[in-house]
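Please work through each task before reading its solution.

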Amino acid sequence: MSTGKNAADEGLEPAASNQVQIEQICAAFDNDHGRMLDILRAVQDAQRVISQDAILRIAELTGLKPIEVEGVASFYAFLSLTPRGRVTIRLCDDIVDRFAGLAEVQAAFETVLGIKTGETSADGAFSLECTPCIGLCDQAPAAMVNDIVLTSLTPESARLFAARLKDGTRPEDLISDRFDDLTPIERARRMVDNNIRHAGCVLLGDVPQDAGLRAAAAATPAQIIESIERSGLRGCGGAGFATGQKWRFASTAGGHRRFVICNADEGEPGTFKDRVLLTERPRLTIEGMTIAARAVGAREGILYLRGEYVYLRELLEDVLADRRVRGLLGSNILGVDGFDFDVRLQIGAGAYICGAEGALISSCEGLPGEPKTRPPFPTTHGYLGCPTVVNNVETFCHAARIMDGGAKWFFDMGIAGSHGTKLFSVSGDCLNPGVYEWPYGMSIRDMLVAVGGEDAAAVLVGGPSGAMIARDMFHRKLTFDDLSTGGAIVIFSGDRNVLEIVEYYMSFFVHESCGYCTPCRVGNVFLQKAVAKFRAGKANPADIDYMRDLSQTIVETSRCGLGMTSPNPILSTLDNFPLVYSAMVKAPEDRLRATFDIQSAISDARHLAKRRSYIFDKDFGA
Amino acid sequence: MTEPRKARVATASLAGCFGCHMAILDMDEHLIDLMQRVEIHRSPLTDIKSFRHRCDIGIIEGGCCNEENVHVLRDFRRNCDVLIALGQCAIMGGLPAMRNAVMHSDAPLRECLEEAYITGRDIRNVTHNIPNDPALPLLLDKVYPCSEVVEIDVQIPGCAPTGDVIFNALSKLLDGKFDGFERESIRFD
């Protein structure tokens, strides 16, 4: 970072130069504690650690207590209270990556770098760690190396990359020898293949530039909201709330300051459609936000980009700057008096929970990404307590296209209750993983034919918080009312172990629970252990009821969507794959627990006491 | 007309402190009422050490910390119609299960024994040995609640449960009317 060089140039002691650097970073954000996440990200980037000294200094400068700063620093996976390597390699540890050969790739990195996963090399050069889904399931196994991403890794390519990094190659140079000469869009395309397999007419086909915005500028806010309402557009992030209604609520809420936030924290494992939109349709996304701003009367917007997509930062910042120059952002947009709107980019730091509306707002406010209690809803009390519209990337893109094509055009696509088209990110055991834009209403069977996954044994629709369905349900349809999804479709062939998949997803929720609600923090751990018992063949018949009961408790007593949906991998497989569970259950004999294994329970003591058991070693004792 | 047969009750203390057995005795004059309906078979109270008859009710105090506990508990399960876990140690391991907290170790059992007999701060152990008489049952890798070793029919919570709670639960069981506890009777705050 340039700030670091300045301090070093002045010939200060390292500790003193670190302090100067922190002052410069805080000053760049006006010492505003509301920008704590940006401050901490910058400190982490520059110093590879959020040290205790840094916490004290940041607290002093921003007027917070040190524990509040530490609360933020310790919440996010990409911030670290212990030093991390100058090059931090994060292997994507999604189940899709595991099935695609993550273990061999991981071993290759470990061998060449000479460190185990979770360790930092002694010279502080490298850290190697695992991270949940980074949105690249269509080109797994994938990894982040600082701010760049590597895709479709093989053990050979991993060894090569690791060796080059060890020789001092910059991570950027792994992508291209002339990385610095490439434009942001070229860089993004070199790193990531967007695999657009089917372009529909709304989002991925030809999109006239800013036609929607021009139509919106000519319309009144009330007309815009009416158009969106008539189009039948529902939120594309997963929950499916009616977009027009959300905008209407925010437009009628009291107060002068309003916000529009774009949720680009695409964290649901198996989802990567927003990645594609942000790369291929960034202007349409901002256009949609601008239209929403006009509809609800907002002057400020935030694009919340998940930390894993930091490789898109430059691209998005260029788009924002370009739109400011062309009068599409800023004051008097398109020459309309009083049509003022601008967007800032907020980068996340590795927390799935921030995809939940309330947690995302907390995160934008510089707080730990904990959900807020609802009601009040963000449309009346959102960011900084002001009325706020939070929509998914795809929703904004749709809104912009509806303003251009008309509400009827959009409404006539899809089927009743689910109008328009939807992006599906398809990954797993199929020939053509990637992004598909289809009208709502396609059946799973037709979808599988289209993606080359006819021999699927199980399909996970909507990611782990959605539903896992079996072959006897492949006639079901991709709609809000049947199989609802924010876009994730993960296909598993008959070679995969359903319980391994379920246990993985439970471990994901254990890792990502923010810890606020006890049933979610503790209950998911118990659920994961229960599934592990089934996998090990140690479960009792009563454990099925136990898992259902516990799941119900978690669903009913958690305050945000994470806890309300985290038991879904278990609940949907109990319903749809009952034989998988019953095959692994041991019936008790004499009402003794078949799952208690006395021989393994006393084996430690046998070794320590150097004798055998009088009771349980039959040939020896009684 | 013959008197109905008295219900047979057996009791055992596994990894417990005998506090729950004291609590049984602590039901005072109710003990007279109870004894008109039951006879105590295998139990530390009678010093009968093995089952000669099948019993209607088995009462277990304490969880399982060694192989003998497992052996006794399984014997109770095979010989009793209704098996009761009495008190927190039987229900969830209780105080002895604190040793389960020694878990971030390659050899948790050895670490636990060494601290208990050799390295602990206030240890007076002149032999500097960990007891290892052949008559001592082998310890389990951790302390198990009874319900992980056998199926348990009824749990009577408390540390120890009061004499009244025990008496009421047993009376209702004998009447065939037991269906759990009133919340008021088992709250301790």
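Predicted model: local features only at pLDDT ≥ 70, side-chain atom pairs only at ≥ 80, totals over all residues.

Residues are numbered from 1 along each chain as its sequence is written, chains are lettered from A and ligands numbered from 1 in the order in which they are written, and side-chain values use heavy atoms, with hydrogens and water left out.

**Exercise 1. Determine the strand order of the four-stranded open sheet in chain A, and state which strands stand at the edges.**

Step 1. Helices (H or I, at least four residues) and strands (E, at least two) are DSSP runs numbered from the N terminus, and two strands pair if DSSP finds at least two bridges between them.

Step 2. The order in chain A is 2-1-3-4, with mixed pairing. Strand 2 (126-131) and strand 4 (148-150) of chain A each have a single partner strand, so one side of each lacks a neighbour in the sheet. Direction ignored, neighbouring strands of this sheet are turned by 25° against each other on average.

Step 3. Strand 3 (residues 143-145) of chain A runs antiparallel to strand 4 of chain A, and three bridges join them. A:Met144 has A:Val149 in strand 4 of chain A as its bridge partner.

**Exercise 2. Describe the largest cavity and the composition of its lining.**

Step 1. On a 1 Å grid over the protein atoms alone, a cavity is a set of points where a 1.4 Å probe fits but cannot get out; lining residues have an atom within 4 Å of a point. Grid points are joined across faces, edges and corners, and a volume is the space filled by probe spheres set on the points.

Step 2. The structure holds four cavities of 30 Å³ or more, and the largest has a volume of about 100 Å³. Of its 14 lining residues, A:Pro132, A:Arg306, A:Glu308, A:Tyr352 and A:Glu512 are the closest to its centre.

Step 3. Helix 20 (residues 498-512) of chain A gives the largest share of this lining, three residues. The lining of the largest cavity comprises six nonpolar, four polar and four charged residues, where Ala, Val, Leu, Ile, Met, Phe, Trp, Tyr, Cys and Pro count as nonpolar, Asp, Glu, Lys and Arg as charged, and the others, Gly among them, as polar.

**Exercise 3. How far apart are the C-alpha centres of domain 4 and domain 5 of chain A?**

Step 1. Domain bounds come from an automatic or database domain assignment, which for chain A includes domain 4 (418-496) and domain 5 (499-582).

Step 2. The two C-alpha centres lie 23 Å apart. Contact (heavy atoms within 4.5 Å) takes 14 residues from domain 4 of chain A and 11 residues from domain 5 of chain A.

Definitions and conventions. Axes fitted to C-alpha atoms, helices over the stretch in contact; angles between N-to-C directions. 1 Å grid on protein atoms, 1.4 Å probe; cavity = no way out; pocket = protein on both sides within 12 Å on 5 of 7 lines; lining within 4 Å.
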